[in-house]
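Thanks for making the time, everyone.

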Amino acid sequence: MPNALGSTTTRTPRTSSTAHGFAIEATDLVKTYATGRGTSPVQALAGLSLTVRQGEVFGLLGPNGAGKSTTVKILSTLARPDSGTAVVAGYDVTQHPDAVRRAIGLISQKSSSAPMMTGRESILLAARIHGMSRHEARARAAELLDRFSLADAADRLTKTYSGGMLRKLDVAVGLVARPTVLFLDEPTTGLDPEARAQMWDEIAHLATVEQLSVLLTTHYLDEADHLADRLAIVDHGRIVAEGTPDELKSELRGDSVVVEVADQAAGAVAAQRLSSLDALDDVTHEGRVIRARTRSAAGTMPVVLAALEQAGVGVASATVSRPSLDDVYLHFAGHSFEEEPRGYRTKSGVPEGADR
Amino acid sequence: MTALVSHSALLTRRSLTVLVRQPAYLLITLIQPMIWLLLFGQLFSKVVDIPGFTSDGQSFMAFLTPGVVMMTALFSAAWAGTTFIEDMSLGVMDRMLASPVRRGALVNGTVIYQGIVSVAQTAVVLVVAYAAGARFGSPGIGIVLTIAAAVLLTVVFAALSNALALLTRQQETLIGVSQLLALPLTFLSSAIMDPRLMPDWIQTVARYNPLDWAVLVSREALSATPDWGVIAWRGGALVVLAVVMSWLATKAFGTYQKSV
């Protein structure tokens with residue numbers, strides 16, 4: 001049940017998508033992978049629909065295995081959906097994959113630089129494959145190497161590059177043919193904080209200054225919050241919420257209360273006790289952590305602490321805060337972000353569906 | 001079409017650039033043929049004296065040379081898919097497939113590259129054989145057709161290796177193929193033994209063995225009195241098989257993309 005929060009997940013005829021100003025329009029994508037050895041196939045996408053407007057950064061947020069990479073693979077013509085349609089830069093991905101390929105740049109999760117080639121050669125090869133003349137390709141490579149501060153390392157083999165440099169090179173290669181739609185599949189995974197900050201600046205620049213439409217997948221909540229104009233939360237192969245980060249956060253009434261109790265056993269007791277309080281809504285608990293929502297931040301904490309003391313539960317920490325994307329995720333996906341989706345815990349703390 | 005040609009050229013050059021930076025790879029592929037040619041060739045040098053062995057007065061090493069050339073081509077080509085497997089484990093393959101590169105060019109790039117490597121290997125084997133005393137009846141046309149046959153055999157097995165790499169995505173498969181195919185195909189051919197001295201069943205199997213076709217083309221072309229009928233038939237069969245295998249390898253991309 002996609003929750004279309006202030007967004008436009010309308011089912012328009014696919015050929016007219018450009019008229020609506022959509023860079024990407026995906027409708028009901030389904031993709032199932034055979035896993036072999038008599039095991040049941042895994043459904044990676046279970047009817048995923050999304051729209052990305054021109055010139056915006058759209059964040060696809062979810063844990064590993066939620067279906068983010070499969071979505072990118074289908075939209076970038078690497079994989080074919082079992083059913084559903086997708087239009088990227090005005091072209092249907094299954095009917096006109098070549099037209100889509102000319103209009104997109106893909107920066108995949110894994111580094112795409114051949115280790116025994118130099119940075120400059122990597123860019124030149126991509127430029128020539130896109131049909132540029134030798135002269136054009138050289139000029140474009142020099143321009144991109146300069147822009148990504150790789151000019152000094154341009155003629156070194158990429159196996160000598162740092163993780164941050166490789167990622168910059170990947171982006172440079174992805175931009176070589178001046179795409180209108182850019183796919184960034186977990187662009188900062190594995191980067192150190194400094195390289196990550198640089199990459200964030202770069203992505204923000206691409207969207208604002210260069211007017212690129214960007215589909216960004218990430219499993220970092222702060223990254224989605226920082227970069228995405230709009231975002232969708234993916235869970236079990238479908239979108240469970242969609243909107244701007246602020247819209248999603250304001251969907252949660254009131255502030256977020258997080259209480260950590262002293263030991264595991266007390267968790268259930270505390271959760272039960274807190275559920276009965278009028279001041280709290282949406283009480284959930286995982287292990288020692290109890291989460292809830294409150295409408296009156298100021299008055300709540302004393303009530304909560306008094307109730308727990310009365311129940312004889314030791315409190316390790318208790319906070320009240322504005323809702324974060326973490327809370328948004330918990331709210332819409334039904335389990336907290338850190339948990340793997342297929343082993344999520346019920347309120348009683350028992351793993352459910354762990355056998356899937 | 002022009003895109004196919006230019007993309008093939010670009011990707012061939014990419015592989016050659018990498019090879020030039022790691023010349024040791026080429027040297028390693030030449031160790032085996034030197035062992036066959038110089039050690040095996042010496043050890044069995046009296047084989048030519050067996051009644052029924054038609055050597056036209058040549059040394060066993062001269063008889064063996066076409067066999068060693070073709071074995072070398074086959075062994076190297078069986079590993080061609082390694083490039084794809086490395087590209088797949090890095091993100092290179094994904095980025096390539098999301099770009100307008102022609103699928104046929106990806107196959108052509110590795111196959112043409114292997115063909116060029118094969119020319120170099122063949123040249124080295126021929127030079128070493130000559131230096132070790134092997135002499136041929138018609139060296140001019142013989143060398144040209146030996147190289148042509150080695151390249152065609154390379155295309156056949158490089159395309160097969162590429163197709164298997166795309167379908168299984170595992171280096172282990174290529175190890176298995178080179179182990180299971182290379183030596184048996186060598187022993188089921190006239191690479192190291194005169195067909196007239198083989199058991200009947202091996203003679204029959206050899207008739208359908210592409211390695212044997214390539215060896216016969218080369219050996220006939222190098223002999224003083226080439227049998228052009230043998231050369232035409234076996235050479236033609238190699239050309240057809242090379243085209244079919246390249247087409248199959250390109251088709252394998254479709255299957256690969258369905259599984260990702």
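Predicted model: local features only at pLDDT ≥ 70, side-chain atom pairs only at ≥ 80, totals over all residues.

Residues are numbered from 1 along each chain as its sequence is written, chains are lettered from A and ligands numbered from 1 in the order in which they are written, and side-chain values use heavy atoms, with hydrogens and water left out.

By a salt bridge I mean a side-chain nitrogen of Lys or Arg within 4 Å of a carboxyl oxygen of Asp or Glu, and over all chains the count comes to 17. Let me begin inside one helix, where helices (H or I, at least four residues) and strands (E, at least two) are DSSP runs numbered from the N terminus. Arg101(A) is paired with Asp98(A), with 3.3 Å between the closest N and O atoms, and both sit in helix α2 of chain A, 3 residues apart, or about one turn of the helix. For accessibility, buried means under 20% relative accessible area, exposed over 50%, and partly exposed in between, with a 1.4 Å probe and protein chains only. Arg101(A) is buried at 7%, whereas Asp98(A) is partly exposed at 24%.

The next pair is Glu121(A) with Arg21(B), at 2.7 Å from N to O, and here the bridge crosses between chains, from helix α3 of chain A to helix α1 of chain B. Glu121(A) is partly exposed, at 22%, and Arg21(B) is likewise partly exposed, at 32%.

Turning to the helix, α9 of chain B runs over residues 171-187 and reaches 25 Å from its first C-alpha to its last, close to the expected 24 Å, where the expected span is 1.5 Å times one less than the number of residues. Which residues of α9(B) are buried? They are Leu174(B), Val177(B), Ser178(B), Ala182(B), Leu185(B) and Thr186(B). These residues cover an arc of only 100 degrees, and so lie on the same side of α9(B), the arc being that of the directions from the helix axis to the C-beta atoms. The buried residues pack against α4, α5, α8 and α11 of chain B, contact meaning heavy atoms within 4.5 Å. On the face turned away from that buried side are the exposed residues Glu172(B), Gln179(B) and Leu180(B).
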